[in-house]
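I opened the model today to look up a few residues. My notes follow in the order I took them.

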Amino acid sequence: MTRIDYLDEASQPCVSTNGVAGYQYKYGAFDQLAQVECLGADGKPTVCNEGYAVRKLTYDRYGRVASERNYDVAGKPCALPSTGCFGWNAEYDRLGKETSRTWIGVDGKPCACKKAKAGVLEGLTPVNMSQ
């Protein structure tokens, strides 16, 4: 586990432009980042400007990010304002290029991603976008 705290000139916690005073990183197998926890000035979990307090990642057998999930301070799934989704699952081709991304809602079902609708994820094959 690694913790990073943002401090001012007087070594007091200060809030960054992302709305947090620090991060706590947890690592899983092969030292891959498994969880990011946003911390407030009081050192407790807080929601960052992106809209999550905790982000969890999983990996496929080749070490590529297979999924991302976002949670609020209470540990409940939360939809990010930028995507409208709780997370995503990725698929890759034989060369390791991400070929599709299925966006997941807080109900655990595929959902339409605001970014994908806006064309931000150009080059990826939309999966279950209309559900």
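Residues are numbered from 1 along each chain as its sequence is written, and side-chain values use heavy atoms, with hydrogens and water left out.

**Confidence**

I checked pLDDT, the predictor's confidence in each residue, from 0 to 100. The protein chain has a mean pLDDT of 89, and 88% of its residues reach 70 or more. I then found residues 125-131 with pLDDT below 50; this stretch still has 16 contacts in the model beyond near neighbours in sequence. Where pLDDT is low, the predicted coordinates should not be read in detail.

**Asparagine 89**

I located asparagine 89 in strand β6, residues 87-92. Strands (E, at least two residues) are DSSP runs, numbered from the N terminus. What does asparagine 89 touch, not counting residues up to four places away in sequence? I listed Ala66, Ser67, Arg69, Ser100, Arg101, Thr102 and Ile104. Serine 67 lies 22 residues from asparagine 89 in sequence, yet the C-alpha to C-alpha separation is 4.3 Å.

**Buried or exposed**

I took buried as under 20% relative accessible area, exposed as over 50%, and partly exposed as in between (1.4 Å probe, protein chains only). Asparagine 89 counts as partly exposed because its relative accessibility is 29%. Asparagine 70 is buried, because its relative accessible area is 1%.

**Asparagine 70**

I placed asparagine 70 in strand β5, residues 65-71. Its side chain makes a polar contact of 2.8 Å with the side chain of arginine 55. Leaving aside neighbours within four places in sequence, I found asparagine 70 in contact with residues including Tyr52, Val54, Lys76, Cys78 and Phe86.

**Positive phi**

Serine 11 sits in the loop between β1 (2-5) and β2 (22-27). Its phi is near 60°, a positive value in a residue other than glycine. Aspartate 31 is in the loop between β2 and β3 (33-39), and its phi is near 60°. I logged aspartate 31 as exposed because its relative accessible area is 66%.

Note on methods: This is a predicted model: local features need pLDDT of at least 70, side-chain atom pairs count only at pLDDT 80 or more; totals for chains, interfaces and linings use all residues. Helices (H or I, at least four residues) and strands (E, at least two) are DSSP runs, numbered from the N terminus. A polar contact is a pair of N or O atoms within 3.5 Å; within protein, one must be able to donate a hydrogen and the other to accept it, and residues adjacent in sequence count only if both atoms are side-chain atoms. Contact means heavy atoms within 4.5 Å.
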